[in-house]
Structures are given as C-alpha cells and as structure tokens.
Number of protein chains: 2
Amino acid sequence: MVSVAIMGHGVVGSGVSEILTTHKNKLFNSLGEEIYIKYILDLRDFPNHPLKDRFTKNFDDILNDREIRVVVEVMGGIHPAYEYVKACLASGKSVVTSNKELVATNGAELLQIAKDNNANFLFEASVGGGIPIIRPINQCLVANNVSEIAGILNGTTNFILTKMIEDGMDFKDALKLAQELGYAERNPEADIEGHDACRKICILASLAFGKHIYPNAVLTQGITNITLKDVEYARIWGGVIKLIGSVKKLPNKKIDIIVAPMFIPIKSQLANIDDVFNGIMVRGDCTGDVVFYGKGAGKLPTASAVVADIVDSIKHLKTRKYLYWVDSDNSSVLDYKESVTAMYIRANTEDKDLAYNKAKELFGDIHILDNTGSESQKGEIAFVIEPMKYADIAAKIAVLENENICVQSQIRIGDL
Amino acid sequence: MVSVAIMGHGVVGSGVSEILTTHKNKLFNSLGEEIYIKYILDLRDFPNHPLKDRFTKNFDDILNDREIRVVVEVMGGIHPAYEYVKACLASGKSVVTSNKELVATNGAELLQIAKDNNANFLFEASVGGGIPIIRPINQCLVANNVSEIAGILNGTTNFILTKMIEDGMDFKDALKLAQELGYAERNPEADIEGHDACRKICILASLAFGKHIYPNAVLTQGITNITLKDVEYARIWGGVIKLIGSVKKLPNKKIDIIVAPMFIPIKSQLANIDDVFNGIMVRGDCTGDVVFYGKGAGKLPTASAVVADIVDSIKHLKTRKYLYWVDSDNSSVLDYKESVTAMYIRANTEDKDLAYNKAKELFGDIHILDNTGSESQKGEIAFVIEPMKYADIAAKIAVLENENICVQSQIRIGDL
C-alpha cells in the first residue's frame, strides 16, 4: 500500500479522489499495490464527503508524514502551491501536479529540486488535460530532434471560434454561450487573451528543447479582436481561424514561439479539431508530424492524467523518471519582430484598386481574397502576403495607414 | 556505456543504427550514458558499412555476451525471430522489437518469459510506426477503463483508399501506384487483405484488455472488393471508406473485434486521415476519445520508436516496466455473427421500387442512398440499415438474393 496526499479538493482534486476510488481494481492490477488517500488538504469543510476523515487544513500534516511519498498538487495558482510543492520535493516526496501556471512559472526550479532530492516532479495533466503529451514527447519521441510543436491548447477559445465558424455567432455571443455552458469562466481573460495557451506552449517548448521558456518572453495574442469578417475571409482563403500556440527551433538555434490566432488550411490535421477539443502537433526529424487529439480540460480527463502520473511516481519511487530541463534567461527566444510569417491583412479603403496596387507595391506577391458579391466587402480589401519578418510587415502597414488604408485586422498564416 | 545488439539490418534495422549514430548526443543527454552497438546480426555481408566490424552471422555471439543487456529484434517474420527473442529473454536480456507478427502471435508467452526473468519486452514500433501508442495506452491511460479502440492501422490500404476517394482511381490502379511508390510490396496480400491491420488491432486489444487476442479469432476483411461505386455511395451518405481495425469491450465482457472496411462520417477524426498516415482512437471512460495520428510506417519513424524503447529498456535495467498481459484461449472474443452493426448494402435489381420495398420489409428503417441523375445507379439500389446482429443481416440478405436482388457490396458503418 502506498499512501498519497491530495492538495486541493476542487474540480480536478475531487476527480482524482473519485478515480482513485472508482478505478481501484484497475490501478491495483497495473501497480500491484493499493493507492491509499491518506490526506486531502483543503481549507473548506466537506462534512458529508465519504473520505471526510482524511481532510486536513494543515499542510504540515502532509509534509511531516514520512509515509507520504507522493503528493498531488491540484490547488491551482502560484501561492501557496509553489511553497508547498517546493517543500515536498525538498523533503524527497514526489509531486504530481495539473497546475500549468506553476510549471510554466517555476518548472525549472522545481525540476532541479526534484533532481537534487531524487524525487519526481510530474505534470502530464498541465497540458492537454487527458491527452497524453508530456510523456510521449519525453519518452516516445526521445530519438527525435523536435523542430516544431503547434497546437490548439485551449478548449474555451476553440469552442468560441468553432461557434463563430460553424454557426456565424459573433465573438461576444459565442463567449456568452461558452460561459453559460461552463466552458468559460466568469472572468474569461486567461483563456480569451491567450495566457492559458501561452503557459502550455511554454511547458511543451521547455520540455522539447531542454531549456525553460518563460511566458513573459512570448508574444501572446488572444481572440477578442476576431470578427465574423475574418472568419469569412479565412473560408475564402481555404481554411479556418484557430488560436495556435506554436514553437519552432530555427536553424540558428533561436526559439520562435508565439500564441496567436492563425489561418489554418482546411486540410491540416489541426483544422478539424473543433469545440472544446485540443490537438497538438509535434514535428520530429525521424517521425515527421505526430498529432495528439482529445479533451483538453474537464474534471475526469484531467484527473485521469494526474492519476497516471501518480502511478508512474509510485513505480519510480527508487529510480527517478528522466524528466528535466534547465533554467534559462529567455535569451534564446527570438524577438517576435524578427519572426518570419505570412499574414492575412484586412483594411478599410475608399479606393479598392488604388489600395490593392499600393499593397502590391509594398508587399510584392499578394493573394487577394475576393469576397465577390458580398455587400460587406464594400470599402475594404483583404489579402494574404508572402512570409516576411514581422518588423517589415509592421513598417509596411504603417505606410498603408499613412495612405488612409486603415488596417482592421492582421492574422498570421500557420504553415501547419 | 550500454552495449546493445541489433538483429536484422533491413529497412528498420538500418534505421535503428542510423538513429543511434546521428542522434548520439540527444540520446546521451536523455540517458546520461552512451549506447554502443556491439553487434549487428545479419546473414548478408555489408563490407562497406561504417560499422562493418560489428556484423555477425552467429546469434550465439549475442546470446553468450553478458555485456549485452538489450537486444533489438528487427528481422521480421516468426522464425527465427521467435526463437532468438525467447532465448534472449530467458537469459535475462531485454528485447525491443518492431515485429508485429511476432507480438501478435507470441506476445503473451514472450511477456511471461520476460516477467519471469526480470527483463523487458517492448514493442512500441509494432503498431503505428512512429506514432506513440503502446506507451500512452499502457501508461498515460492507466486510470481509464478503455472501452474501445479503433484505427486506421495500415498505411498502404489507406493510401489506396485515398487515391480512390480523391482521384477516382480504381482499386487496381491505386494498388499499382502504391507499388510503384514503394508503399505496397510486390506481394501486397498482408496489407490489402487486412492481415497487417489485424495483427496491430490484436496487439492493442491485448494491451488494453489484459488478455492475448490472437489474429485467428478475428474476422478480417480487406479492401480488394471496394469499388468506386461504393466510394461514391459513401460520399452521398456523408463520409468516406476506411479500413478500420476496431475492438470494443461489451457490457457482457465479450470482446467485439474486427478488421473491415467501414463507412466513416466525414466529421470523425479518423475520416481526415489520408494517404499513408495512420490514426488510432482510444475511448477511455475518463478521458473520452483520444486520437493519435502520424506516419504508421517507414524507416525512420519506425526506427525512432524502436530507439525510444531501447532508451526505456536501458532506464529500466533494474526495475521492470509494467507492460504485460496474460495468455488466453480467445473464448472472450465475440462470434462475429453475434456482432451488432449498421451496414451499407448495394444490390443489383431489375425493379428498384420492388427491391426497396422488399428491403424495408426485411430491415425496417432503411436510409436510401440516392445517387440522383447518375447513369451508374441504373439497375441497382443502395441503402444503409440500422444496427442489428450480423447473423440477422446475413439471413435477410439471403432472402433478398432469393428474390433476384443480388447484393454486390456490404460495408459496415463505423460509429466513430
């Protein structure tokens, strides 16, 4: 029997204790041992919970109990999760977490403490919910040099975009529906501004390239400015708009990382990932593209990933898992202005012919998106430019604006 | 430094030694040790190979060398792969293989020998080539009761079907093209008759349900009878034809397993997996549907999966990986005649109205696939029936045939 402690009894935490109870036999068969929930840490009272005798409000109960070799952190947020996890790892306890904010912010430090104390720090559930992704990248793709990872990493925004694309709802209505269905929080900022996706792509980038990439180094754009016009132009172009977290290792070793809405061609494996689902593409030099798809959030999917890590921690109480990356100062991250991208541009103009000619003069080969017969296209132009540095695009857009060609929208083209 | 031996220097074997050479640093960083290829077993001569001094024709060199702790079997076929693998495992050496025929035929026995001798027997590359699937099912989804696995498991047939669907090539021409491109072998039987897919779904079923399922217990249909007419009716129905390996655990614990071409709705994640790519859907009670996509074959994708297993074996020289299933007598496999399925049926008839009325009388609610205006639909009917036992479908088809309504095609409907 192995005793574990669960810190946090919210959505994911209650899912973890539920799975450990309902899947007891399955887990016993896999592990050859019983997993016993000895403590559940939560400041709230749960007087009617079947495990009510296991609840504690005192973290020291867990820290000081030498029987506890694996601690689950599913509180969320940085404080006190960070302090608790650090203390557990420092005392040689393995920690399993679903907390993407914690891993994205303090992963390198916590992995180092884990290593120094021969403990494991595992976080499969922090990216992609129930989708296996951390372990596959770390283990299955170990014989690959990963050159790129790109994914739909946030289910809330993918649901909103799907409603805009398939049902013609505008952003506000789609957000409201997402909130009504419980897919978006009352304060949806972390999702719709891209911060959640940013944390996840940072974790994947750190894992794939072996160096911590911090969210503050990553250009992060949300979907709040996406309009139905843009959705329609994407359709004309031959694709859909998705919020993509993307990281590439360039030949000069720089890391090109971004979170932004992108035009994705309809034939891409990521284009057909709809609603609250997530999909992650990993490009390896030996495997080529591998894509992982599934529910990126939710109580049981996320909790089942946590429980898989608990099982793995217990299997590796003596020999550590080889999951590790070093800290870094973000100096390997490419300045987003240096990043090369193709771009969709939509602008208001009073003279379309003049505006197109000006655009051609500035950008060279452009692909005009002609919404023939559409009333809404009166007084505007839309086109896609060939790949160039973002700094150059911005400079050319400034020239357009000087000519009274007012750019309303610019969305990157994902080469996925 | 860890010494390994590679048995077989064909496509995959040469890929393994290539990756161990080209990715030396990456692997060293992950493992903290160098992997040294001490032997390559092959009956042929490779006088110009850079590792020519490592070649041997004598298996005993490997078996009797106590330095060799990990042996790679990439010879293919059952003999002598089976005898060699058995001998290695019995002597406590871990074995990594890409040989799906061996695993599907002798997996339970070899896993037991591995367990008895505290060695590992790993075979990530045997299913899905470079796509991580064995390890994710075994580790990441451990906290799930898997109810169903379904996948496009054979790239050759998927390429052929894609050419039929997208380019209107008929089966023979598409097969010929696949052979010209090196996607199909000169004797393509194992692919086009479904045997390759059958071995793979058997391995996945054994892994997910913990009991060996042998290929001879599985109804296996290939794609040789698929016509462009069927492809067109699938389009009218709203989907595509894919060769699917599918296994479900029924509420009565019976295993419903089959390899057959199926109609797949266009919205399914498996419908958009084209060309030589593979895709595998795993349905867990906690995660919901998870899909894995990538190159299911090829030298480097497959070899990279083998190398990942080599790394894992080396990390687990002392503590065994928990990969195991017990032997079985196939008694848990449902008789295919008892299997419930919806079905597309196409039949020749001289009187369409009469034929449809007869079909309705026999099958109840049918969904007529009306190829309006198509010359080719003259003298034939096509419809989809609601799910029922295959034995009942077969009996009703016999009645149709007695009425001179001659069934040309019956293809299952995949509920994916």
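In this predicted model, chain A is superposed on chain B by a rotation of 180° with 0.0 Å of shift along the axis, at an RMSD of 0.0 Å. This is the relation of a two-fold axis. Within chain A, the C-alpha nearest that axis belongs to A:Phe292, at 2.4 Å from it. Both copies use the same surface: of the contact residues of chain A, 100% recur in chain B.

Chain B contains an open sheet of six strands, with parallel pairing and the order E3-E2-E1-E4-E5-E6. Its edges are strand E3 (55–56) and strand E6 (121–122) of chain B; each has a single partner strand, so one side of each is left without a neighbour in the sheet. B:Ile40 has B:Phe55 in E3(B) as its bridge partner.

Elsewhere in chain B, B:Val333 lies in the loop between helix H12 (299–315) and strand E13 (340–348). Is B:Val333 buried or exposed? A residue counts as buried when 20 or more other C-beta atoms lie within 10 Å of its own. B:Val333 has 21 C-beta neighbours inside 10 Å and is therefore buried. Apart from neighbours within four places in sequence, B:Val333 is in contact with B:Ile213, B:Ala217, B:Ile255 and B:Ile257. B:Glu34, by comparison, is 299 residues from B:Val333 along the chain, and 45 Å separates the C-alpha atoms of the two.

How values were computed
Residues numbered from 1 in each chain as written. Chains lettered and ligands numbered in written order. Predicted model: local features only at pLDDT ≥ 70, side-chain atom pairs only at ≥ 80, totals over all residues. Helix = DSSP H or I, 4+ residues; strand = E, 2+ residues; numbered from the N terminus. Buried ≥ 20, exposed ≤ 12 C-beta atoms within 10 Å, placed from the backbone. Contact = placed C-beta atoms within 7 Å. Least-squares fit on C-alpha atoms with pLDDT ≥ 70 in both. Pairing = 2+ DSSP bridges.
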